[in-house]
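This briefing is meant for a reader meeting the structure for the first time. Please look over the sequence and the model, then follow the notes below.

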Amino acid sequence: MSVTTPQGFAAAGVAVGLKSSGKPDVAVVVNRGPLKVGAAVFTSNRAKANPILWSQEVIRDGVVEAIVLNSGGANCFTGSFGFQTTHQTAEKAAELLDVSAGDILVCSTGLIGTGDEVFRSKVLAGTEQGIAELSADGGEAASLAIMTTDSRPKRAHVNRDGWSIGGMAKGAGMLAPGLATMLVVLTTDAVLDAAQADAALRQATGRTFDRLDSDGCMSTNDQVTLMVSGASDITPDPDAFAAALAEICQDLAQQLQGDAEGASHDITIQVINAASEQEAVEVGRSVARNNLFKAAIFGNDPNWGRVLAAIGTTQAQFDPYDVDVWMNGVRVCSQGGPDAPREDVDLTPRATDLIIDLKVGAAEATILTNDLTHDYVHENSAYSS
């Protein structure tokens, strides 16, 4: 159920001391081919980590031989030294795999500002050890090695008629659009060219990972990568592949939501009858990023007034006195006024469903978020220590 589910891939996860816990912290995923196609999307944060700067150049030709990922240090805001660390990581992997360093993607995750000489030596050692331990069954170990504040690994796969897609993800905080403190590696043994892989990946991430907005904070290190081996020798219908890729991305996005830092509620915000999909997304995000609403959900308080106040900050078309709001199946607001009593709403389950009916069109969108808890504040106040 991971990146080695499809044919043509090997992976490993090793521990080299980047994490004080001693747990695995360097992962390697290698494409054995016959195709060596790759596509990737990156954080839209203007402040990008060194591995992102490197990988953006690597992916330009659509050829990827392998990807090296480390947890336990972001290698972000570490200057030219940090970029050279990324470069040396790719060179080390290329040397051991007998390929070009320009076809090696690199990802890092962890504390921003971490990336000194000790970090470099451990990442390089982990790259060498990981390649030595590559296995067709190494996907599970790799998924463990990319975890940071995650409480559990995120893995998924889909099987179709003779071909498959596998994936692993990490992320438990900074879950916001433009990707979300996440590293995701997707693999497939279907036959695709670089343009097809890129189009399918962008379409899938645009409606899955990019709509996961846990805390409104955008990371510097986010990367979602798709590697194509073509080992099944099957060329799927483009629409069928796009649907399967979106399915696995949605699965992983929901796993990320369910493990968000400190969360006690997983909130699904569905905006319906909007003038456009873009406006539906804008409304959903406004609620997902509203700390008053998120705190109310933490307290099991169906405070629909905070929902209306949040959407009132948007540019979306709507009449504040013609909006309906449902919480966990109960319409608490009708036409901008009270409807069912608040005590009718049960917010004790972790799964929380919010529906906002704008009544101005036929478009809709869904945003995934979480509540704001004491545990979230504690975990992030103590993160660097």
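The secondary structure of the protein chain comprises 10 helices and 15 strands, and the model that shows them is a predicted one.

**The chain as a whole**

- A compact globule of 385 residues would have a radius of gyration near 21 Å, and because the protein chain has 21 Å, the two agree.
- Taken along the principal axes, the C-alpha atoms of the protein chain fill a box of roughly 65 × 50 × 30 Å.
- Of the 385 residues, 56% count as buried, while the chain exposes about 14800 Å², of which carbon and sulfur atoms supply 48%.
- Among contacts between residues at least 6 apart in sequence, 80% join residues that are at least 24 apart.

**The open sheet**

- Five strands, in the order E3-E9-E8-E7-E6, make up an open sheet with mixed pairing.
- Strand E3 (37–42) and strand E6 (154–159) are the edge strands, each pairing on one side only, and the twist from one strand to the next averages 10°.
- Strand E6 runs antiparallel to strand E7 (residues 164–170), to which 6 bridges join it, and Lys-154 has Ala-169 in E7 as its bridge partner.

**Helices against the sheet**

- Helix H5 (residues 194–206) lies across E3, strand E8 (183–188) and strand E9 (223–228), and runs at about 30° to E3.
- Helix H6 (residues 238–258) packs on the sheet, where it touches E6, E7, E8 and E9, and its direction makes about 160° with that of E6.

Note on methods
Residues numbered from 1 in each chain as written. Predicted model: local features only at pLDDT ≥ 70, side-chain atom pairs only at ≥ 80, totals over all residues. Heavy atoms only, no water. Pairing = 2+ DSSP bridges. Helix = DSSP H or I, 4+ residues; strand = E, 2+ residues; numbered from the N terminus. Axes fitted to C-alpha atoms, helices over the stretch in contact; angles between N-to-C directions. Contact = heavy atoms within 4.5 Å. Rg over C-alpha atoms; globule rule 2.2 N^0.38 Å. Buried < 20%, exposed > 50% of the residue type's maximum accessible area, 1.4 Å probe, protein only. Areas by Shrake-Rupley, 256 points an atom, 1.4 Å probe, with all protein chains shown as cover.
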